[in-house]
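This report describes one protein chain, shown below. It starts with a single residue and its surroundings, then turns to side-chain pairs, the surface and the confidence of the model.

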Amino acid sequence: MENTENETEKKSDTRQTGILVGMALIILSAVFVYIAVSQPKETVKSETSENITYSSSQSGQANTVSEKASESETKATSADIKTENTDSGRYEPDTVNYPIDLNSCNAEDLMTIDGIGGTRAAAIIAYRDYLGGYSSVEQLKNISGIGEATFEKIAPYVTVK
């Protein structure tokens, strides 16, 4: 009879321990949620929000460059960039000589090419930084979002020196 009382006591202790652990986890979760919600919102300067994935044909590994930005995505074309409205924050190049050298250009120069907006320009620059510089224009095909059609469209406007 003592054995059944001891077993009942052990089950009761185990049940109480489980309840306490569960309550502790709930309280801990509530603390984490409070901390996450109470943090100030991060201000973002970029116009696009997207993860850009590219793969290196040399290593076979995929890498991701994250751009923090607002949810609205605006693509600028060369016609949009060359407007007279300087208050809009758009880049107005003095003159851009084509083809543009991929190893020395900036994002604004790339955005003057029809088919390259802010997101693609950032991806091209990020992949250049990852590679340490382009050795051929064909490496643009390794960037997610630049397929054969897009590559054919922009290839005449870029070069590697």
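Arg-128 is found in helix 4; helices here are DSSP runs of H or I of at least four residues, strands are runs of E of at least two, and both are numbered from the N terminus. The model is predicted: local features need pLDDT of at least 70 and side-chain atom pairs count only at pLDDT 80 or more, while totals for chains, interfaces and linings use all residues. Residues are numbered from 1 along each chain as its sequence is written, and side-chain values use heavy atoms, with hydrogens and water left out.

At 13% relative accessibility, Arg-128 counts as buried (buried means under 20% relative accessible area, exposed over 50%, and partly exposed in between, with a 1.4 Å probe and protein chains only). Which residues does Arg-128 contact, leaving aside its neighbours within four places in sequence? They are Leu-102, Asn-103, Ser-104, Cys-105, Gly-133 and Tyr-134, where contact means heavy atoms within 4.5 Å. Of these, Leu-102 is 26 residues from Arg-128 in sequence, with a C-alpha to C-alpha distance of 7.9 Å.

Gly-133 lies in the loop between helix 4 and helix 5 and is partly exposed, at 22% relative accessibility. Beyond four places in sequence, Gly-133 is in contact with Asn-103 and Arg-128. The C-alpha atoms of Gly-133 and Val-160 are 9.0 Å apart, for a separation of 27 residues in sequence.

## Salt bridges and a buried threonine

Two salt bridges are present in the structure, a salt bridge being a side-chain nitrogen of Lys or Arg within 4 Å of a carboxyl oxygen of Asp or Glu.

| Pair | Closest N and O atoms |
|---|---|
| Lys-153 and Asp-114 | 3.9 Å |
| Glu-148 and Lys-141 | 3.5 Å |

Lys-153 forms a salt bridge with Asp-114. Lys-153 lies in helix 5 (residues 148-154) and Asp-114 in the loop between helix 3 (107-110) and helix 4 (118-131), so this pair ties together parts that are 39 residues apart in sequence. Lys-153 is partly exposed, with a relative accessible area of 44%, and Asp-114 is partly exposed at 40%. In the other pair, Glu-148 is partly exposed at 45% and Lys-141 is partly exposed at 35%.

Thr-112 is found in the loop between helix 3 and helix 4. Is Thr-112 buried or exposed? Thr-112 is buried, with a relative accessible area of 3%. Its side chain reaches the backbone oxygen of Asp-109 at 2.5 Å.

## Chain, surface and a cis bond

The protein chain has five helices and four strands, and from the N terminus the elements run α-β-β-α-β-α-α-α-β. Of its 161 residues, 25% count as buried. Among contacts between residues at least 6 apart in sequence, 48% join residues at least 24 apart.

The accessible surface of the chain comes to about 11100 Å², and 51% of this belongs to carbon and sulfur atoms (areas come from the Shrake-Rupley method with a 1.4 Å probe; for residues, only the protein chains shown count as cover). A nonpolar surface patch of about 810 Å² is made by Val-21, Leu-25, Ile-27, Leu-28, Val-31, Phe-32, Tyr-34 and Ile-35. Patches are made of residues with over 30% relative accessible area and no salt bridge; like charges are joined within 9 Å, and nonpolar side chains (Val, Leu, Ile, Met, Phe, Trp, Tyr) within 5 Å. Leu-25, one of the patch residues, is found in helix 1 (residues 2-38).

A cis peptide bond joins Tyr-98 and Pro-99, with omega about 0°. Pro-99 is found in the loop between helix 2 and strand 3 (100-101).

## Confidence

The chain averages a pLDDT of 74, and 65% of the residues score at least 70; pLDDT is the predictor's confidence in each residue, from 0 to 100. Among the elements, helix 2 (residues 78-81) has the lowest mean pLDDT (41) and strand 4 (residues 158-159) the highest (95).

Over residues 43-50 pLDDT stays under 50, and the model has 28 contacts beyond four places in sequence for them. Over residues 55-90 pLDDT also stays under 50, with 79 such contacts. Where pLDDT is low, the predicted coordinates should not be read in detail.

Key
A polar contact is a pair of N or O atoms within 3.5 Å; within protein, one must be able to donate a hydrogen and the other to accept it, and residues adjacent in sequence count only if both atoms are side-chain atoms.
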